[in-house]
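My entries follow in the order I made them.

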Amino acid sequence: MTAFDRRDVGLLLLRLGAGGVLAAHGAQKLLGWFGGHGIEGTGQFMESVGYAPGRASATAAGLAEAGGGTLLALGLATPAAGAAAAGAMAGAAAVHAPNGFFNQEGGYEYAATLGLAATGLAVTGPGRLSLDHALGHALDRGWMVPAALGATAAVTAMVVGARNRRLRKPEQDEAAAGFDSQESLSGE
């Protein structure tokens, strides 16, 4: 029997692929690398899609993607890394959801795929070809998986919920203004 099996090699490839893409995507936000817009440009975009304050949102998303992706690729702190990356991708999916599923139409396909890969790695673990394994899984304990995913789900729900309320407020204000003008026209 060999020291490493197909599962370990498969997990390594999945970690390197998904983690590398996430790390590069985060570097676009944080540093402007790979054709990205950096913190300022990303912050403006984040603000325009309802994540406020924009600069703080860009920093959080960039750190979750770059940090989570790098840690996933290394196989280090895999539950926390996968949860952080999955949370960032859930936030991205919320932006793209109105465009449907497929990426070619601006949908959430890409974000969902990366988020599910990160979640799968958090749950499955990094395999033996990882820093977690080399360090005796000190940062990859069984209890860490539900803790990391649960905490990330709660924070992501709060952030996306606040964004959705922020986006609905102008619509509610318009509706209220229309109601008020109807009342004044009717003399009430």
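Helices (H or I, at least four residues) and strands (E, at least two) are DSSP runs, numbered from the N terminus.

I noted the conditions of the model next. The model is predicted, so local features need pLDDT of at least 70 and side-chain atom pairs count only at pLDDT 80 or more, while totals for chains, interfaces and linings use all residues. Residues are numbered from 1 along each chain as its sequence is written, and side-chain values use heavy atoms, with hydrogens and water left out.

**Entry: the chain**

I found 7 helices and 0 strands in the chain. From the N terminus on, the order of elements reads α-α-α-α-α-α-α. I took contact to mean heavy atoms within 4.5 Å. Of the contacts between residues at least 6 apart in sequence, 66% join residues at least 24 apart. The accessible surface comes to about 10300 Å², and carbon and sulfur atoms hold 66% of that surface. Areas come from the Shrake-Rupley method with a 1.4 Å probe; for residues, only the protein chains shown count as cover. For burial I used these classes: buried means under 20% relative accessible area, exposed over 50%, partly exposed in between (1.4 Å probe, protein chains only). Buried residues account for 37% of the 188 residues.

**Entry: H3 and H4**

I looked up how H3 packs on helix H4 (residues 78-96) and got an angle of about 140 degrees, with the axes 8 Å apart. H3 is therefore oblique to H4. The cut-offs are: under 35 degrees roughly parallel, over 145 roughly antiparallel, 65 to 115 roughly perpendicular, and the rest oblique. The crossing of H3 and H4 is left-handed. A crossing is left-handed if the near helix is turned anticlockwise from the far one by less than a right angle, and right-handed if clockwise. On the H3 side I listed Ala61, Ala64, Glu65, Gly68, Leu71 and Leu72; they meet Thr78, Ala81, Gly82, Ala84, Ala85, Ala88 and Met89 in H4. By class, the H3 contact with H4 has 9 nonpolar, 3 polar and 1 charged residues. For the classes, Ala, Val, Leu, Ile, Met, Phe, Trp, Tyr, Cys and Pro count as nonpolar, Asp, Glu, Lys and Arg as charged, and the others, Gly among them, as polar.

**Entry: H2 and H3**

Helix H2 (residues 38-48) packs on helix H3 (residues 54-74) at about 110 degrees, with axes 7 Å apart. That angle makes H2 roughly perpendicular to H3, and their crossing is right-handed. In H2, the residues Ile39, Glu40, Thr42, Gly43, Met46 and Glu47 meet Gly54, Arg55, Ser57, Ala58, Thr59 and Ala61 in H3. I sorted this contact into 4 nonpolar, 5 polar and 3 charged residues.

Is Thr42 buried or exposed? Thr42 is buried, at 9% relative accessible area. Leaving aside neighbours within four places in sequence, Thr42 is in contact with Gln28, Lys29, His37 and Ala58.

**Entry: H1 and H5**

I then checked helix H1 (residues 6-31) against helix H5 (residues 109-124): about 135 degrees, axes 10 Å apart. H1 is therefore oblique to H5. The crossing of H1 and H5 is left-handed. The contact of H1 with H5 has 10 nonpolar, 2 polar and 2 charged residues.

**Entry: Gly107**

Gly107 sits in the loop between H4 and H5 and is buried at 2% relative accessible area. Not counting residues up to four places away in sequence, Gly107 touches His96, Asn99, Gly100, Phe101 and Phe102.

**Entry: backbone**

As a reference, most residues other than glycine have a negative phi, and most peptide bonds are trans. I found a cis peptide bond from Ala52 to Pro53, with omega near -5 degrees. Pro53 is in the loop between H2 and H3. Phe34, in the loop between H1 and H2, has a positive phi of about 55 degrees although not a glycine. Phe34 is exposed, at 57% relative accessibility. His137 has a positive phi near 60 degrees and is partly exposed, with a relative accessible area of 24%.

Terms used
Axes are lines fitted to C-alpha atoms, for helices over the stretch in contact, and angles run from 0 to 180 degrees between N-to-C directions.
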